[in-house]
Amino acid sequence: MSHLMIRPATSRLLRTLPLRRHSSLLRTNSSIPPNLALLLPTCKDLESARNELRWLREHVEKTTSPAKAPAVVTELCRQRGQGVPLQYILGTQPFGSLEILCRPNVLIPRAATESYTNHLLDLIISHNVIGPLDEIKESVNVIDVCTGTGCIPLQVFASLQRRNIMVDVKGVDVSPHALELAKDNLDHNVKQGNIASPREGQSIGFHKADVFRDDEMDIFSKPGQKTWHIMTSNPPYISEEVWSEDTGDVELSVRQHEPRLALVPERNLGDAPEGLERHDIFYSRLLDIAMELNPRILLLEIGDDAQALRVAEYCTRHPFCKSRIIELWRDCPDIKPDANEQTEIILESSDKDQGGFGRKVPIKGSGQLRAIYVQQPIESMDMGDRKIAC
Amino acid sequence: MLRTLSQAACFNSGRFSSKGVSRLSFTTAPKCWLKQLPPRPGPPPDSEIEEFYLKGSGPGGQKINKTNSAVQLRHTPTGIVVKCQSTRSRDQNRKAAREILAQKIDEFRNGDQARSAIVGRIKQKKSASADKKKRRKYKKLEEDRESGAEAAVEGEAESNLAQDQSEPVQESTRDRGADTPKAIP
Ligand SMILES: C[S@@+](CC[C@H](N)C(=O)[O-])C[C@H]1O[C@@H](n2cnc3c(N)ncnc32)[C@H](O)[C@@H]1O
């Protein structure tokens, strides 16, 4: 009976609503179909529960006999409602033009990662940010550090390959689970026809290395080594405190089901340099690696606005970013910012060379700050035979 | 300035579901109908499309694993807004939303001469004649039963024109301008 009790505010609302709406409001939880009700604790709202139920059904239709399907759908709804990530249940997550396999022990690719990877590709293909592609003598060389499922390098490879561009892509991770899955993802997407088997002048590979070990990272920066055009990384960036406290900052489903190694920098990685916090430790290390590899573009995912500003400010003091362009990208870098969204920021720089002036950094897109983009100015790129003039 | 615009959602479009594909095997539409149709309208140029950042679909970084893949587009010259969340892939939703937008613009500009309107009329005619046929068939069945003959009722066949209709949930709304979905400042 309790669902029939209406609080005063609600009843006032009801009186002012047209009759059609009355009935839908009065029908409370009791009228929600059972499968949707099972999903609600995780999905929170009916719209996303309906979407997920549809995707679960489509999955079951493809994988189960019609007789068993209804029971399987209900069981999967129950698991999902208890917080198991949808992608671990379905086994996949779309990422750009790819279908990425997902398994426990490896982080599920996020939408923001997909957005900035696509934006980066658009800049490379349509805006010559690494120079005109037909003037690159060797292949376009790409390295993704902390690669997880391999989603970023696989999408980069697929997209450049489709345009007949010579490309050499490497993904690096310390986790054997991630490396195995990344390799499976290459095979899977070749089988699905999303990636053609690499042709001459095109290659993609995954390598085991710990970012913090010089001896394991050295192979990528041997003297006489080719030019790196692009370095990307989505490193672990959540602080120990935020991870373990019940602040609700980290979604329960993430904390209970996704690997901590992928999300929280380990304790034994040393102290962060001045201006950074302990959980920013990967960024100072990645900038040092960038110093060695000297990529034309460096793109780093960051966790939130505060971390973005700390790391961007650190970048302005780091020798890698000297005479390079720095930008901050929001969740959707190719969507127009709304009226409340700042489009640039002045970072206080303590660098003496900057004469104590702040450095103006553009902010692209809409949403939360999500990535830091560092680019060599096009006019200073050595294209092999000649410098290109702009 | 208040404009009337339609908000379309493309869930259950059937276009990407396995159901939609199996439906196509029941094709019965005569080819001559297809020939009379104007070509499917192409999506407007990107410069006329504004894509919204949907907070709900908003990526939240590593801390949150959202499954919302909704894409919402606005055609700036007409103010038409469409939203698509039929698949888990934002890339595919983006493409589907552009197709639906093209259809809505066609309807807005060409009224009853729009492709979808013509398709709708053909479907209506067809279902009317199917009704007539059905009535005839049942009458015959009755007669057969009375006469003791066996007859099987065929499954309902659906025209392949059905895939033209994305079964959008349509809602007339005003151009809300300022209170379109907002991102975190
Ligand atoms: C946030 S996940 C990113 C995965 C993937 N790039 C993505 O965007 O979905 C971080 C990855 O870094 C890896 N990782 C953690 N510590 C590492 C280290 N010291 N060296 C190399 N990789 C590391 C984890 O195994 C995990 O796959």
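Let's start at the ligand: one of its nitrogen atoms is 3.0 Å from a polar backbone atom of Val211(A). That is a polar contact, meaning a pair of N or O atoms within 3.5 Å. The protein covers 98% of the 600 Å² of accessible area that the ligand has on its own. Accessible areas here come from the Shrake-Rupley method with a 1.4 Å probe.

A word on the model. It is predicted, so local features need pLDDT of at least 70 and side-chain atom pairs count only at pLDDT 80 or more, while totals for chains, interfaces and linings use all residues. Residues are numbered from 1 along each chain as its sequence is written, chains are lettered from A and ligands numbered from 1 in the order in which they are written, and side-chain values use heavy atoms, leaving out hydrogens and water.

Back to the ligand. Where does the ligand lie? Between chains A and B. A polar backbone atom of Thr147(A) is 3.2 Å from a ligand nitrogen. For Val174(A), a backbone N or O atom lies 3.3 Å from a nitrogen of the ligand.

How many residues surround the ligand? There are 20, counting a residue as near if one of its heavy atoms lies within 4 Å. The closest are Cys146(A), Asp173(A), Asp210(A), Asn234(A) and Ala262(A). The shell divides into 12 nonpolar, 6 polar and 2 charged residues. Nonpolar here means Ala, Val, Leu, Ile, Met, Phe, Trp, Tyr, Cys and Pro; charged means Asp, Glu, Lys and Arg; the others, Gly among them, count as polar.

Next, helix 5 of chain A, residues 69-81. Helices are DSSP runs of H or I, at least four residues; strands are runs of E, at least two; both are numbered from the N terminus. The expected span is 1.5 Å times one less than the number of residues.

Which residues of helix 5 are buried? Ala69(A), Val73(A), Leu76(A), Cys77(A), Arg80(A) and Gly81(A). Buried means under 20% relative accessible area, exposed over 50%, partly exposed in between.

Last, a loop. Asn164(A) sits between helix 8 (151-162) and strand 4 (167-173) of chain A. Asn164(A) has a positive phi of about 60°, although it is not a glycine. Asn164(A) is exposed, at 57% relative accessible area.

Key
A polar contact is a pair of N or O atoms within 3.5 Å; within protein, one must be able to donate a hydrogen and the other to accept it, and residues adjacent in sequence count only if both atoms are side-chain atoms. Buried means under 20% relative accessible area, exposed over 50%, partly exposed in between (1.4 Å probe, protein chains only).
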